[in-house]
Amino acid sequence: MKFAVVVFPGSNCDVDMYHAISDELGEEVEYVWHDVDCLDDFDAILLPGGFSYGDYLRSGAIARFSNVMKAIKKAADEGKPILGVCNGFQILLEAGLLPGAMRRNNTLTFICRPVKLRVENNETMFTSQYEQGEVITIPIAHGEGNYYCDEQTLQQLIANNQIVFRYEGENPNGSLFNIAGIVNEKGNVLGMMPHPERAVHELLGGADGLKLFQSIVTYWRDAHVVTT
């Protein structure tokens, strides 16, 4: 399986994402600069965290106009797995690939520490290796992780089982309904604020994030089984 790690000016978690795929998952991965216009050679697209374009205007507001976004939307329409983490989640929201918006943390401070998440939906291509309701530990690092949407959108997310991760116990940023990660209706675009790529080995403090990437590979291999 071949992964693309999209790099925007200001990305700072691209190396972490590359390491998770190459060294821990053992799959092929390449950095892709934000000005490319084709991602057809890749099986999954990863948007890492950081501060794309310095977070000017709003987090992800400028990155959504990058040349690569047209290719990302095309990949999403084709059903390829798209994962946006932290700033990547913010970009997916700004680009309209996921519903809702991101606000500043209710503490108005930057937060960087491990948090507990509950797996709300383990029937996605990103979560099949987790147990339903499993509580995992994944680090966060953000100043604008306060997810918000209107009541109608929230009810749609609940009804469609699009809420994949929720903060367990303490809500670190004030996110609506304790939401930490959501998928689109098709289920192939996941945005989440916590950083699974920073939790792929015990030397990093835990490996709970590795199952997310293993789930993507499992889905892809199952989808490409050739029967003879």
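**Before you start**

The model is predicted, so to speak of local features a pLDDT of at least 70 is needed, side-chain atom pairs count only at pLDDT 80 or more, and totals for chains, interfaces and linings use all residues. Residues are numbered from 1 along each chain as its sequence is written, and side-chain values use heavy atoms, with hydrogens and water left out.

**Stop 1: the whole protein**

Show everything as a cartoon. You will find five helices and eleven strands; these are DSSP runs, helices being H or I of at least four residues and strands E of at least two, numbered from the N terminus. The radius of gyration, taken over C-alpha atoms, is 16 Å, close to the 17 Å that the globule rule gives for 228 residues, so the protein is as compact as a globular protein of that length. That rule is 2.2 Å times the number of residues to the power 0.38. Along the principal axes, the C-alpha atoms fill a box of roughly 55 × 40 × 40 Å. Of the 228 residues, 54% count as buried, meaning under 20% relative accessible area with a 1.4 Å probe, protein chains only.

**Stop 2: helices H1 and H5**

Now select residues 14–25 for H1 and 210–223 for H5. Their axes, lines fitted to C-alpha atoms over the stretch in contact, are 11 Å apart and meet at an angle of about 70 degrees, on a scale from 0 to 180 degrees between N-to-C directions. That makes H1 roughly perpendicular to H5, a label for angles of 65 to 115 degrees. Show side chains for the contact (heavy atoms within 4.5 Å): H1 brings Met-17, Ala-20, Ile-21, Glu-24 and Leu-25, while H5 brings Leu-210, Phe-213, Gln-214 and Val-217.

**Stop 3: helix H3**

Select residues 87–94 next. How many residues of H3 are buried? Eight of the eight are, so H3 is largely enclosed by the rest of the structure. Among them are Phe-89 and Glu-94. Just after H3, look for Gly-96, with a positive phi of about 80 degrees.

**Stop 4: Asn-146**

Finally, pick Asn-146 in strand S8, residues 146–148. Is Asn-146 buried or exposed? At 5% relative accessibility, Asn-146 counts as buried. Follow its side chain to the backbone oxygen of Asn-173, at 3.5 Å. A polar atom of the Asn-146 side chain also lies 3.4 Å from the backbone nitrogen of Ser-175. Residues that Asn-146 touches, not counting those up to four places away in sequence, include Ala-101, Arg-103, Gly-174 and Leu-176.

Conventions
Buried means under 20% relative accessible area, exposed over 50%, partly exposed in between (1.4 Å probe, protein chains only). A polar contact is a pair of N or O atoms within 3.5 Å; within protein, one must be able to donate a hydrogen and the other to accept it, and residues adjacent in sequence count only if both atoms are side-chain atoms. Angles under 35 degrees count as roughly parallel, over 145 as roughly antiparallel, 65 to 115 as roughly perpendicular and the rest as oblique.
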